[in-house]
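Please open the model in your viewer and keep the selection tool at hand. The stops below follow one another, each with something to select and a note on what is there.

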Amino acid sequence: MNGAVYNDPSQVQVRLINAFSAYLSLQILLESYPRQILWPIHLGISGRLIFNSYQDSSMTAQAHTRHISLLDTTLRDGEQTQGVSFSVNEKVNIARALLQSLKVDRIEVASACVSEGEKIAVSKITEWADSVGKLDRVAVLGFVDPQRSVDRIASAGGKVINLLAKGSEKHCREQLGKTLDEHIADIEKTASYAAEQGLRVNMYLEDWSNGYANSKDYVMGLVEGTKQCGIVHYLLPDTLGLMSPEEVTISLKDMLESFPDLTFDFHPHNDYGLATANVMAAVNAGINTIHCTINCLGERAGNASLAEVAVALKDK
């Protein structure tokens with residue numbers, strides 16, 4: 001219970017449900033599917049549109065395979081679910097289960113500058129991950145500040161920052177009070193400082209789906225203007241879960257065709273109950289990294305389900 005005292009028995013019950021729901025979901029995954037489904041060619045739960053484990057003997061081991069990477073954000077976006085709060089030990093154990101047992105490709109474990117407890121959890125996760133050679137798979141959400149988040153992540157042993165930039169003109173103008181050029185300048189400062197501190201930089205385009213629909217020139221200008229910042233992955237979220245599969249296909253194909261040398265992730269939300277369908281549309285459009293959470297945890301209606309996505313990628 002992390003030292004907390006609960007006088008109301010219902011609080012204890014809710015706390016226990018929140019704490020163990022992730023463990024239960026992981027156990028169901030491990031017990032419900034044969035190991036050859038969850039561990040295709042040692043690449044873990046990540047999807048393959050054609051699995052080497054199931055290839056006909058006439059097919060070569062290298063032919064016609066495509067690796068779909070999964071980033072699990074249960075410990076960051078999932079913890080934004082109302083009533084969900086993991087203790088330090090719970091975070092560490094879930095991180096270990098995701099990377100070591102389920103073998104997801106990457107995990108996002110916290111937001112920088114939230115609390116001292118978050119920093120302790122990140123420190124313990126990065127310490128364990130470093131000991132097993134998985135430190136580069138652990139990311140922390142950071143902000144365009146330009147040094148505060150980087151320093152916080154670096155001091156906790158982190159090596160990857162998922163930078164939260166504004167992916168729509170409306171957010172940039174109304175939340176930051178800045179122009180696109182000013183925002184790009186701040187991103188350049190933050191990314192440059194992160195590189196100096198030895199951090200790899202990925203970047204979210206927050207509110208990207210609305211930005212693409214309502215201010216496409218802004219979105220394209222933001223990506224074009226940050227191409228020289230050393231960003232490894234551009235993370236494209238359907239922040240309010242508003243997109244249909246058709247819209248996902250059209251917009252992501254456009255992004256990929258406009259920037260063929262860049263790497264894009266897709267980060268869906270489930271407000272219309274379309275998260276898994278949108279994942280399949282994203283993969284068909286050419287996206288090779290998908291974000292998801294255990295049990296669809298996430299703010300409002302949640303994110304894409306890790307279990308649904310993994311099995312759908314295998315079966316479909």
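Which strands each supply at least two residues of the lining of the largest pocket? Select strand E4 (138–143) and strand E6 (200–206), which each do so; strands (E, at least two residues) and helices (H or I, at least four) are DSSP runs numbered from the N terminus. This is a predicted model, in which local features need pLDDT of at least 70 and side-chain atom pairs count only at pLDDT 80 or more, while totals for chains, interfaces and linings use all residues. Residues are numbered from 1 along each chain as its sequence is written, and side-chain values use heavy atoms, with hydrogens and water left out.

**The pocket**

The largest pocket has a volume of about 270 Å³, a volume being the space filled by probe spheres set on grid points that are joined across faces, edges and corners. Select Arg76, Leu164, Glu206, Thr239 and Glu299, which are the closest to its centre of the 16 residues that line it. A pocket here is an open set of points on a 1 Å grid over the protein atoms alone, where a 1.4 Å probe fits, with protein on both sides within 12 Å along at least five of seven lines; lining residues have an atom within 4 Å of a point.

Next, select His171 in helix H6 (residues 169–176). His171 counts as buried because its relative accessibility is 16%, buried meaning under 20% relative accessible area with a 1.4 Å probe and protein chains only. Leaving aside neighbours within four places in sequence, His171 is in contact (heavy atoms within 4.5 Å) with Lys166, Leu176, Glu206 and Asp207.

**Aromatic pairs**

A search of the whole structure finds 3 aromatic pairs, that is, rings of Phe, Tyr or Trp (its six-membered ring) with centres within 6.5 Å; planes under 30 degrees apart count as stacked, over 60 as edge-to-face and the rest as tilted. Select Trp208 and Tyr212, a tilted pair with 6.0 Å from centre to centre and 45° between the planes. These two are 4 residues apart in helix H8 (residues 208–214), so about one helical turn separates them, and both Trp208 and Tyr212 are buried.

Then move to Tyr234 and Phe264, whose ring centres are 5.9 Å apart and whose planes are at 45°, so this pair is tilted. Because Tyr234 lies in strand E7 (residues 231–237) and Phe264 in strand E8 (residues 264–267), the pair ties together parts that are 30 residues apart in sequence.

Conventions
Buried means under 20% relative accessible area, exposed over 50%, partly exposed in between (1.4 Å probe, protein chains only).
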